[in-house]
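Thanks for coming. I will go through one structure in a few minutes, starting with a pair of helices and then moving to a sheet.

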Amino acid sequence: MRSTFSTLFYVKRNQPKKNGNVVIMVRITVDGDCVQFSTKQEIHPKYWDSIAGMAKGKDVEVQKVNRALDTMRAKISQHYTHLMEIDGYATSEKIKNLLLGIVEKERTIISYFEKHNEQYRLKVGTTTTWTTYTKYELTKNRLIEFMELRHKVKDMPIKEINTVFLQDFYLFLRNEHNSGNNNAMKNMQRLKAVFNYIKNTGVTFVDPYGNFRMSFEKADRSYLDMDEVNKIMNKKFASERLEKVRDVFIFACYTGLSYSDIHDLTEDNLKTGIDGNIWIMDKRNKTGIKYNVRLLDIPKAIIEKYAGKQKNGELLPVISNQNMNEYLHEIANICNIKKKITCHVARHSFATICLTEGVPIESVSKMLGHTNIRTTQIYARIVDHKLSNDMEALAQKLNGKTQMV
């Protein structure tokens, strides 16, 4: 369905110049929406035909004005036709900009990425978290870095971004930043969210994700069993920094809290439950979901160890996540544990230990603050795998050694 389109010339009779002439204006209307501006032409009101929308008479100046208006009318019509053929729609503002030579700022990926992130930042504290916002900022910076390296520019028009561009960006993340597949795909997922944002603004473009395959690998959830947790907990460290990191890690193993949740933990989060015991009650930073975890003796002792020694009311001596993970790697080597230990491994360990000890999966899910019990079932599969291995070890010991009478 074609839009309605019209061009009208008129004069501003109420604003005559000193010589008596008035400015000739043009009004462009598309689907009821109009813009009006000066044609840079002028004429005496007595020579203007309001009905015809043109100058009247055979005077040389009158004919010159009409030729200029005819040329403008033709250009306006050409711009309208061009926009309809290329974009499928036209607006009076676009026609005006084309006519006056006002170049619309190129629609670029980083300009839209910044608009998306600014809108996303406004959601922090309500439907999302600061941590997630910073991940979008990281993806934007990685994208700029990639374009500078591969294309020698800091920004590109969205129309130039195709599936090959996405594949190259994915490989850049894998090779230049040593990202695993899932981490690189998370960045690709965030970039896709920006393209969805662009679509929602009404911009039409060929979606580069149409032929890009998002593929996540199933990752093994590393965890420590109770013997390994005790090994770390009972180790005497010569370094105070390792002792503090160990204490925070063990606290996480006994509470299931993530790094960011422990980092923000204060005395206000410690509340007496209906059972008379002390519980940690808060909302997860990542999802905003409430969680309740009873404070067992060991994490209680860790809190008492650092009581009144932290700044800003924090309960524990939590350092940066990166440094925590570096020191945990050192701790694993000292304790002769052949596993890669990170802050999140403590959370996995808490879940698997609880399930191994018979805590119902519904309770574990609630303590972890999961939005969906299917997330918790990942740990249940780990426990099933361990059970299978344990039974295989038992079978190796017992099978063939005894016979029925």
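Helix 8, residues 240–255, packs against helix 10, residues 297–305, at an angle of about 145°, and their axes are 9 Å apart. Axes here are lines fitted to C-alpha atoms, for helices over the stretch in contact, and angles run from 0 to 180 degrees between N-to-C directions. Helices (H or I, at least four residues) and strands (E, at least two) are DSSP runs, numbered from the N terminus.

A word on the source. This is a predicted model, where local features need pLDDT of at least 70 and side-chain atom pairs count only at pLDDT 80 or more, while totals for chains, interfaces and linings use all residues. Residues are numbered from 1 along each chain as its sequence is written, and side-chain values use heavy atoms, with hydrogens and water left out.

Back to the helix pair. Which residues meet there? From helix 8 there are Glu243, Asp247, Ile250, Phe251, Tyr254 and Thr255, and from helix 10 Ile298, Pro299, Ile302, Ile303 and Lys305; contact means heavy atoms within 4.5 Å. Seven of the residues in this contact are nonpolar, one is polar and three are charged. In that count, Ala, Val, Leu, Ile, Met, Phe, Trp, Tyr, Cys and Pro are nonpolar, Asp, Glu, Lys and Arg are charged, and the others, Gly among them, are polar.

Three strands form an open sheet in the order 1-2-3, with antiparallel pairing; two strands pair if DSSP finds at least two bridges between them. Strand 1 (5–11) and strand 3 (33–43) are at the edges with a single partner strand each, so one side of each has no neighbour in the sheet. From one strand to the next, the twist averages 20°.

Strand 2, residues 22–30, is joined to strand 3 by nine bridges. Val26 has Phe37 as its bridge partner in strand 3, and Val23 has Glu42. In the hairpin of these strands, with two residues between them, Asp31 takes a positive phi near 55°.

Helix 1 (residues 60–86) lies across strand 1, strand 2 and strand 3, at about 155° to strand 1. Helix 2 (residues 92–100) also touches strand 1, strand 2 and strand 3, and its direction makes about 30° with that of strand 3.

Is Ser92 buried or exposed? Ser92 is buried, because its relative accessibility is 0%, and buried means under 20% relative accessible area, exposed over 50%, partly exposed in between (1.4 Å probe, protein chains only). Not counting residues up to four places away in sequence, Ser92 touches Ile28, Val30, Asp33, Cys34 and Val35.
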